[in-house]
Amino acid sequence: MTKIILLSLVSGVALGYLWLDPSLLGYCDKISTYALGLLIMSVGIELGRDKETWSRLYSKGLQVLLLPLLVAIGSILGALIGGFWLDLPANEASAVGAGFGWYSLSGVLLTKLYNVELGTLAFLTNIFRELLAILCMPLLAKHLSFLTAVAPGGATTMDTTLPIIAKTTDSETAVLAFINGATLSALVPLLVPLLIGIKL
Amino acid sequence: MWTILAFLVVGILIGYLQIIPKRFERWTSYLSIVSLTVMLAAMGAQIGGNKQLFAKLSNLGFKAFVLAFMTIIGSVLLVWLGENWRQRRKDSYDKNNSTVAS
């Protein structure tokens, strides 16, 4: 799994960098959206078949929100520690961390609310987060636990990284991952403006 | 965002209503591998083809990498600790209950 992921990603980057005509970039966006759609549909088919999982999760109730809560706190704390080491102010580091991998939204939000440089940093940080998540999810699922494999994805576990979680863990974890991604996605537009506004 | 949700709902309905005959069930797994490869390659091409992004990489890239790495470490660590804490509580709960029962 990791080999397929790494190979297709690296060949894509190389292709785009060395050969691709800029006018074709728009098509890449379309292709990746439709491929993601098909992927999500096949994940849906597998989840729909598995009826037991749904009733088991339903009986857990609000407990399912513990996972996104821990992921949110962990991401922001991690960004604060990293930011401390890089001499970034606490509000900047924590706001970038609260992008939870949703690079387009956190990048735009911080460009508008703060400045272009922090917006770009948020964009890059959260792109890296998604790429690193894609690479380390299969490893975490194999060597640590299924739930820790969901953690790196942040808000992306409801779309781009959901297929990888579905492939490398079980359907219960995949449903939890979707709830995790949806909850974190809802938190991004709330937490990023809140955290950037805090002056210490 | 809404397109993705629509695809997911359609998929869940197909799976739940068991529209696909048993013989073809393995095809969903082939479909997901092929579309995963295509999606990642197209995502990579977008990053590779974005020369502006590459120019900025040398400047902000290091900071971004450190922050991305730390958010992942932080979230994995907290989830791992939370999971272990719950497991321990469950274990001690099971133990107490078994002593009461005996």
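This is a predicted model: local features need pLDDT of at least 70, side-chain atom pairs count only at pLDDT 80 or more; totals for chains, interfaces and linings use all residues.
**A:A95**

I started with the contacts of A:A95: leaving aside neighbours within four places in sequence, A:A95 touches A:L110, A:V192, A:L195 and A:I196. Contact here means heavy atoms within 4.5 Å. A:A95 sits in helix α5 of chain A, and at 0% relative accessibility A:A95 counts as buried. My cut-offs for that word: buried is under 20% relative accessible area, exposed is over 50%, and partly exposed is in between (1.4 Å probe, protein chains only). Helices are DSSP runs (H or I, at least four residues), numbered from the N terminus. I also checked a C-alpha pair: A:A95 and A:L118, 23 residues apart along the chain, are separated by 9.4 Å.

Residues are numbered from 1 along each chain as its sequence is written, chains are lettered from A and ligands numbered from 1 in the order in which they are written, and side-chain values use heavy atoms, with hydrogens and water left out.

**A:A93**

Next I looked at A:A93, which also lies in helix α5 of chain A. A:A93 is buried, with a relative accessible area of 1%. Neighbours within four places aside, I find A:A93 in contact with A:A79, A:L80, A:G83 and A:L88. The C-alpha atoms of A:A93 and A:I81, 12 residues apart along the chain, are separated by 8.5 Å.

**Helix α6 of chain A**

Which residues of α6 (103-113) are buried? I get A:S106, A:G107, A:L109 and A:L110. Seen down the axis of α6(A), these buried residues fall within an arc of 165°, so they line one face of the helix. The arc is that of the directions from the helix axis to the C-beta atoms. As for partners, the buried residues of α6(A) pack against α5 (90-97), α7 (116-143) and α10 (171-196) of chain A.

**Two positive phi values**

I looked up A:F100 again for its backbone: phi is near 45°, a positive value in a residue other than glycine. A:F100 is in the loop between α5 and α6 of chain A and is buried, with a relative accessible area of 0%. B:Q18 also has a positive phi, near 50°. B:Q18 is in the loop between α1 (2-16) and α2 of chain B, and at 45% relative accessibility B:Q18 counts as partly exposed. For background, most residues other than glycine have a negative phi.

**The nonpolar surface patch**

Which residues make the nonpolar surface patch of about 440 Å²? They are A:L24, A:Y27, A:I31, B:V34 and B:V38. Patch residues have over 30% relative accessible area and no salt bridge; nonpolar side chains (Val, Leu, Ile, Met, Phe, Trp, Tyr) are joined within 5 Å, like charges within 9 Å. A salt bridge is a side-chain nitrogen of Lys or Arg within 4 Å of a carboxyl oxygen of Asp or Glu. Areas come from the Shrake-Rupley method with a 1.4 Å probe. α2 (25-49) of chain A and α2 (25-49) of chain B each supply at least two residues of the patch. A:I31 is found in α2 of chain A and is partly exposed, at 41%.

**A:L38**

Last entry: A:L38, in helix α2 of chain A, is partly exposed, with a relative accessible area of 35%. Not counting residues up to four places away in sequence, A:L38 touches B:F7, B:L31 and B:S35.
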